[in-house]
Amino acid sequence: MKIAIGNDHAATELKWTIKEYVEGLGHEVVNFGTDDNESCDYPEFGKAVGRAVANGEVGCGILICGTGVGISIAANKIKGVRAAVCSDVTTAHLVKEHNNANIIAFGARIVGEELAKDIVRSYLDAEFAGGRHQRRVDMIED
């Protein structure tokens, strides 16, 4: 699968770690984030990943900023995006299974590298359950 990744200056190092990890799982990663530590504006990267997901350029997205919150809010402004902040593996699994989230976000200042990898793996391994959950996702989209 082709996966978008976006980050701000607070998450550059973690972005490289996650990009390498995801590629090691056999996925192609498209980098929409900053590549250095110079202060920048996270909404730009949330928007870029959100658009790539919404228009089908990629299958899903990963966003990383200091907390994961700001960048996910920016992505959620794009119609068709369901971005969810995940700080643990259970949430990462459930946002896909119950909410069919197409972007996950987490904070470089909140989770460490190994937990971040586990969050990504849990999300990518999960499948949308459909059924009553589809009705709710439809309600969100409306």
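Modeller: The model is a predicted one, so local features are given only where pLDDT is at least 70 and side-chain atom pairs only at pLDDT 80 or more, whereas totals for chains, interfaces and linings use all residues. Residues are numbered from 1 along each chain as its sequence is written, and side-chain values use heavy atoms, with hydrogens and water left out. Strands (E, at least two residues) and helices (H or I, at least four) are DSSP runs numbered from the N terminus, and two strands count as paired if DSSP finds at least two bridges between them.

These two strands belong to an open sheet of five, in the order E2-E1-E3-E5-E4, with parallel pairing. Its edges are strand E2 (28-31) and strand E4 (83-85), each of which pairs on one side only. On average, neighbouring strands of the sheet are turned by 25° against each other, direction ignored; the axes are lines fitted to C-alpha atoms, for helices over the stretch in contact, and angles run from 0 to 180 degrees between N-to-C directions.

Two helices can be described against this sheet. Helix H1 (residues 12-24) lies across E1, E2, strand E3 (60-65) and strand E5 (103-107), and runs at about 170° to E1. Helix H5 (residues 113-125) also packs on the sheet, where it touches E1, E3 and E5, and its direction makes about 165° with that of E5. Contact here means heavy atoms within 4.5 Å.

Within strand E1 we find Ile5, which is buried because its relative accessible area is 1%; buried means under 20%, exposed over 50% and partly exposed in between, with a 1.4 Å probe and protein chains only. Leaving aside residues up to four places away in sequence, Ile5 touches, among others, Ile18, Val29, Val30, Val49, Ile62 and Ile64. Phe45 is 40 residues from Ile5 in sequence, yet their C-alpha atoms are 8.7 Å apart.

Helix H5 also carries charged pairs. A salt bridge, meaning a side-chain nitrogen of Lys or Arg within 4 Å of a carboxyl oxygen of Asp or Glu, forms between Lys117 and Glu114, with the closest N and O atoms 3.2 Å apart. These two are three residues apart in helix H5, so about one helical turn separates them, and Lys117 counts as buried because its relative accessibility is 19%. Arg121 is partly exposed, with a relative accessible area of 37%.

The whole structure holds five salt bridges, and another of them joins Arg82 to Glu141, with the closest N and O atoms 2.9 Å apart. Because Arg82 lies in the loop between H3 and E4 and Glu141 in helix H6 (residues 132-141), this pair ties together parts that are 59 residues apart in sequence. Arg82 is buried at 15% relative accessible area, whereas Glu141 is partly exposed at 29%.
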